[in-house]
Amino acid sequence: MNNHYEYLIIGAGPAGLQMAYCMEQSGHSYLILERGSSAGTFFKKFPRHRKLISINKVYTGHDDAELNLRWDWNSLLSGDEKMLYKQYSKRFFPAADTMIDYLKGFAEHFQLKIKYDVEVSNISKKDQQFRVEDRDGNVYTCLRLIIATGLNRPFVPPIPGIELAENYTEVSVDPDEFTGQRVLIIGKGNSGFETADNITETTATIHLASPHPLRLAWKSHHVGHLRAVNNNLLDTYLLKAQNGLLDAKINSIERTNGKLTVSFSYQRAHGATVEYQYDRIIVCAGFRFDDSIFDESCRPALVIDERFPDQTSEWESTTVKDLFFAGNLMQMRDFKKTASAFIHGFRYNVRALYHILERKYHGKEWPSRSIAATPEAVLDAVLDRLNRSSALWQQTGFICDLVVVSTEDGEARYYEELPVDYVRESDFGQQQHYYLVTLEYGPDYPDYPFDFVRFIGPDEGHLNPQLHPIIRRFNGSTLVAEHHIQEDLEGRWLTDNYILPLRAFFQKQLA
């Protein structure tokens, strides 16, 4: 049996399936290795309380499939109407079990090449080939390896006595088991608040603690920060209903007369120390990348408190050639800034990675189209994308469109959906006349996110804190000019007050 491939993909979650779909279209030799018995194994257990926080807006008022992906955070990219998530659920926040059904359906519909029940035990590299061995002793080899396993190792903070705590991954989800108890949750992310929300009705008291203040998604625009769907406990805290948040370092946990005594040092109270007692403690401190399957011949370097593999702008390991990462591991490049930790962000990253691989190894140029290098033609192309693109909308400031103007033949090429860092670090960024087109938030977003002024002056776009288009002209690495378009409430830049200043910008730059 021939177990050698151009590409091996480890993991049949959303990222692995998205990459396999791309590979399938071009006929590359590939195989996904999946430890579970079906696609989407992660979602069989997580989130623990079985409701996704990724939105599924079915009724948008638009019939443009590309535009509708702005509000569909669960579908993979295929262009097939049958394989949109809305065919599986109409719920705005769908059940996790529906995601399992969707990923199974996607894999089967496109007949993706997947081998299930394969638990990888060791990955090594020799003579420019990766060798992947599973628990049953089977060996697979490949030229390029793509890791799409996600963050799968629970992080346990190094606190004396932490062994007395339970973990989010295993703790009971039956609220009745917490009746009348005082509970400490370590971590103030969505998993912590999801857990708290589940047991609020039955517990006596819930405290959530971490060294750093709570961050709200509606303030940061990062969907991994606390979401409104999980934040009911904030009402009970601020309205004095026994629950509380502690911005504090946990010094120790000890068992005292059948209770768990926890010592805290408040972060912003000159290190003041207090003790509280609890019946149970639950660790909801997130996950880390598990590098234990790699031997020393190809173990990737880790960064950000050893949470992620270090990656180049091509999502390649900085220390292991031909080792790439897909899915929420890609967020290392834009950590807690855009949506790369989630399907509606990394689906575009994965497709971009596929095009990078095509350029790097197979001599295929990034897909593009030719347009006239005239102000009107460039204006029309840019406006069409700004008013329809889902990638620019989801991956703000991280994914861009690229317009390269030829200095010889009066033509331009329009490229869609490239990582901004990749453009700057590749040969694209060496062109003498090119534009990057992005959607971005302004730098001075107000502390209270519902209190801001919508700037209406044609020259005030750069002051706008809300999401708006930015077009930047470069000569090599040098920024030549920059134009901000006013924010639009519905994200549709269709009227003259948006169009005329942009036309003037291109007229000046292309003169």
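1. The crossing of helix H1 with helix H7 is right-handed. A crossing counts as right-handed if the near helix is turned clockwise from the far one by less than a right angle, and left-handed if anticlockwise. H1 covers residues 14-26, and H7 covers residues 343-362. Their axes lie 9 Å apart, at an angle of about 35 degrees. Axes are lines fitted to C-alpha atoms, for helices over the stretch in contact, and angles run from 0 to 180 degrees between N-to-C directions. Helices (H or I, at least four residues) and strands (E, at least two) are DSSP runs, numbered from the N terminus.

2. A word on the basis of this note. This is a predicted model, in which local features need pLDDT of at least 70, side-chain atom pairs count only at pLDDT 80 or more, and totals for chains, interfaces and linings use all residues. Residues are numbered from 1 along each chain as its sequence is written, and side-chain values use heavy atoms, with hydrogens and water left out.

3. Which residues make the contact between H1 and H7? From H1 come Pro14, Ala15, Gln18, Met19, Cys22, Met23 and Ser26. From H7 come Ile343, Phe346, Arg347, Val350, Arg351, Leu353, Tyr354, Leu357 and Glu358. Contact means heavy atoms within 4.5 Å. By class, eleven of these residues are nonpolar, two polar and three charged. Here Ala, Val, Leu, Ile, Met, Phe, Trp, Tyr, Cys and Pro count as nonpolar, Asp, Glu, Lys and Arg as charged, and the others, Gly among them, as polar.

4. Look next at H1 by itself. Its 13 residues reach 19 Å from first C-alpha to last, close to the 18 Å expected at 1.5 Å a residue. The expected span is 1.5 Å times one less than the number of residues. Ten of the 13 residues of H1 are buried, so H1 is largely enclosed by the rest of the structure. Buried means under 20% relative accessible area, exposed over 50%, and partly exposed in between (1.4 Å probe, protein chains only). The buried residues of H1 include Gly16, Leu17, Ala20 and Tyr21. Their cover includes strands E1 (4-10) and E6 (139-147), along with E2, H3, E3 and H7. Just after H1, Gly27 takes a positive phi of about 75 degrees.

5. H7 has 20 residues and reaches 27 Å from its first C-alpha to its last, close to the 28 Å expected. Is H7 mostly covered or mostly open? It is mostly covered, with 16 of its 20 residues buried.

6. The crossing of H8 and H11 is right-handed. H8 contributes Pro375, Glu376, Val378, Leu379, Val382 and Leu383 to the contact, and H11 contributes Ile499, Leu502, Arg503, Phe506 and Gln507. That contact has eight nonpolar, one polar and two charged residues.

7. Leu386 also sits in H8. At 0% relative accessibility, Leu386 counts as buried. Leaving out residues up to four places away in sequence, Leu386 touches Arg70, Leu392, Val437, Thr438, Leu439, Pro469, Ile485, Gly491 and Trp493.

8. Compare Leu216, in the loop between strand E10 (205-210) and helix H5 (217-220). Leu216 counts as partly exposed because its relative accessibility is 23%. Its contacts are His225, Leu226 and Leu234, not counting residues up to four places away in sequence.

9. Some backbone details deserve a look. Most residues other than glycine have a negative phi, and most peptide bonds are trans. A cis peptide bond joins Phe46 and Pro47, with omega about -10 degrees. Pro47 lies in the loop between strand E2 (30-33) and helix H2 (65-68).

10. Where is Gln111 found? Gln111 is in the loop between helix H3 (96-109) and strand E3 (114-115). Its phi is positive, near 50 degrees. Gln111 is exposed, with a relative accessible area of 64%. Asp127 has a positive phi near 55 degrees and is found in the loop between strands E4 (120-126) and E5 (129-134). With a relative accessible area of 66%, Asp127 is exposed.
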